[in-house]
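Hi everyone, thanks for coming.

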Amino acid sequence: MTQQTFIITGAFFGMLAIIFGAFGAHALKKILSNDQLKSFETGVKYQMYHAIVLLLLGFNFQYSTSAMYWCFTLGIVLFSFSIYGLILSDAKGKKLKFLGPITPIGGLLFVIGWLLILLQAI
């Protein structure tokens with residue numbers, strides 16, 4: 001895993017978070033219920049938080065490990081993207097229920113990533 005990989009991945013997910021956030025605030029506001037919109041926004045927030053973590057780890061590469069990279073990257077994909085899929089499919093009337101159990105796996109990966117940072121600091 002290279003420093004550049006952390007930075008590129010963090011920047012990519014950060015950029016997508018801005019795009020998805022704008023999409024949610026404008027295009028989806030008319031389609032989604034308030035609860036659905038809040039869930040979508042949760043996915044965007046967690047994506048952005050962890051994109052920033054990837055950037056910080058990239059710019060402080062001496063403290064980074066590939067396990068951290070994979071926990072945060074897969075966490076974003078499994079957590080945030082499963083929320084996007086659940087919400088958008090529900091809005092279309094065909095909820096992809098199989099995505100429901102995937103969301104907590106992404107959350108668990110986030111927790112493990114944070115634990116790895118804690119252990120690295122100790």
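Let's start with α2 and α3, which run roughly antiparallel to each other. Keep in mind that this is a predicted model. So how do we describe a pair like this? Two packed helices are described by the angle between their axes and the distance between those axes. For α2 and α3, the angle is about 165° and the axes are 9 Å apart. If you want to find α3 on your screen, look at residues 66-91. The crossing of this pair is left-handed. And what kinds of residues make up the contact of α2 with α3? There are 17 nonpolar ones, eight polar ones and one charged.

Now let's bring in α1. You'll find α1 at residues 3-26 and α2 at residues 34-59. Their axes come within 8 Å and cross at roughly 160°. That angle makes α1 roughly antiparallel to α2. Here, too, α1 passes α2 in a left-handed crossing. In the contact of α1 with α2, the residues divide into 18 nonpolar, eight polar and no charged.

That leaves one more pairing to look at. Are α1 and α3 roughly parallel or antiparallel? Their axes cross at roughly 15° and come within 11 Å. With that angle, α1 is roughly parallel to α3. As for handedness, α1 passes α3 in a left-handed crossing.

Please click on Leu119, because I'd like to show you its neighbours in a patch. Together with Leu115, Leu118 and Ile122, Leu119 makes a nonpolar surface patch. The area of that patch is about 430 Å².

To recap the helix pairs: α2 is roughly antiparallel to α3, α1 is roughly antiparallel to α2, and α1 is roughly parallel to α3.

Terms used
Residues numbered from 1 in each chain as written. Predicted model: local features only at pLDDT ≥ 70, side-chain atom pairs only at ≥ 80, totals over all residues. Heavy atoms only, no water. Axes fitted to C-alpha atoms, helices over the stretch in contact; angles between N-to-C directions. Helix = DSSP H or I, 4+ residues; strand = E, 2+ residues; numbered from the N terminus. Parallel < 35°, antiparallel > 145°, perpendicular 65-115°, else oblique. Left-handed = near helix turned anticlockwise from the far one by under 90°. Nonpolar A, V, L, I, M, F, W, Y, C, P; charged D, E, K, R; others polar. Patch = residues over 30% accessible without salt bridge, like charges linked within 9 Å, V, L, I, M, F, W, Y side chains within 5 Å. Areas by Shrake-Rupley, 256 points an atom, 1.4 Å probe, with all protein chains shown as cover. Salt bridge = Lys/Arg side-chain N within 4 Å of Asp/Glu carboxyl O.
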